[in-house]
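This report looks at a metal site, at the packing of some helices and at a loop position. Please keep the sequence and the model in view while reading.

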Amino acid sequence: MTANPGRRLLLVHAHPDDESIGNGATMARYAAEGARVTLVTCTLGEGGEVIPPELARLTADQEDALGPYRIGELAHAMRVAGVADFRFLGGEGRYRDSGMMGVPDNDVPGCFWRADLDEAAGHLVAVVREVRPQVLVTYDENGGYGHPDHIQAHRVAMRAYDLAADPEFRPDLGPAWRIAKVYWNRMPRSVLERGLAEAAAKAPFPGVAQPSDVPGVVDDELVTTVLDGAGYAGRKASAMAAHATQITVAGEFFALSNDLAQPLIATEYYQLVRGEAGPGRPETDLFAGLDTEDGPGTPRSVTAHATTTVTVTEETAR
Ligand SMILES: [Zn+2]
């Protein structure tokens, strides 16, 4: 069962539910394979809409109780995915949901969009130096699709990647740690177009999403890494369904509160943006090319993990 106890994967997301939509199969697969999977969620998603009518009172304009409720949904999703280590940046409720771009919530003091970058990154540096992940997963510089909290999650994750490796930064947070590989979540355009066409034909929702509704869509050539989640499709669907205030799952499709169908795709796609790619194009493993001290199955022996620099020094085989 624990084939890869030395593998440590850190994911940084904006709201509860983003992790299951974007990386549900990846998280379940690595957790099942014995890797340590750590999720850091930056806000409680207090500003979200609510799908079930009986829970509509939770929204920010009524009881403003959605945040704590979504902590419970996230805990449920992570039980399904087999992930024990999930945390909120700076602690529960430290940063508030900023709402969609351009709404008044963007200016509320305490919202994530208004956070001081180095202070927020400092909270993440503490996690990085404690967990010492070899792989970090987050969004691209547009947050995948322009949501302020997603853009900020990207900035905080990339800033923490730099600062965690800098021994001069906050030595009180532990010894410096260099994350070997950083990936951004991606959705290849051709895969999405096929999925949306299928959704238009078969999904039990009143409409279908546009490509611009889906985060991380890029031309296929930008995708470096493909994670086969076929064996974890059921877990991904169940983890998504655990976020019932946000997501309706129906077979191979799902919809957010806008009721627009999207394909539920178990294969998950990534773009390597820091570190060296492992062998094979595309990669099929986020840890490809890394020595993670896990014995059989990793042919390379590279460096020590003790101090500030863990660098994959090999020339990538071509
Ligand atoms: Zn989100």
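## The zinc site

H15 has 6% relative accessibility and therefore counts as buried, where buried means under 20% relative accessible area, exposed over 50% and partly exposed in between, with a 1.4 Å probe and protein chains only. D18, at 12% relative accessibility, is likewise classed as buried. The model is predicted, so that local features need pLDDT of at least 70 and side-chain atom pairs count only at pLDDT 80 or more, while totals for chains, interfaces and linings use all residues. Residues are numbered from 1 along each chain as its sequence is written, and side-chain values use heavy atoms, with hydrogens and water left out.

Both residues are protein donors of the zinc ion: the donors are H15 (ND1), D18 (OD), D18 (OD) and H150 (NE2), at 2.1 to 2.5 Å from the ion. Donors are N, O and S atoms within 2.8 Å of the metal (3.2 Å for Na, K and Ca), and because water is not among the atoms, sites may look incomplete. Along the chain the donors follow the spacing H-x2-D-x131-H. The angles among the four donor atoms run from 54 to 143 degrees, and the site is irregular; four donors count as tetrahedral if all angles lie between 85 and 135 degrees, four count as square planar and six as octahedral if opposite donors are over 155 degrees apart and all others between 65 and 115, and anything else is irregular.

## Packing around helix α2

Helix α1 (residues 18-32) packs against α2 at an angle of about 40 degrees, with the axes 9 Å apart. This contact (heavy atoms within 4.5 Å) is made by E19, S20, M27, A28 and A31 of α1 and L74, A77, M78 and A81 of α2.

Helix α2 (residues 66-81) also packs with helix α6 (residues 233-241), at an angle of about 170 degrees and with axes 8 Å apart. The two are therefore roughly antiparallel to each other, a term for angles over 145 degrees, with those under 35 counting as roughly parallel, 65 to 115 as roughly perpendicular and the rest as oblique. Here A77, V80 and A81 in α2 meet R235, S238 and A239 in α6.

A239 lies in helix α6 and, at 2% relative accessibility, counts as buried. Not counting residues up to four places away in sequence, A239 touches S20, A77 and V80.

G251, by contrast, sits in the loop between β9 (248-250) and β10 (253-255) and is exposed, at 63% relative accessibility.

Note on methods: Axes fitted to C-alpha atoms, helices over the stretch in contact; angles between N-to-C directions. Helix = DSSP H or I, 4+ residues; strand = E, 2+ residues; numbered from the N terminus.
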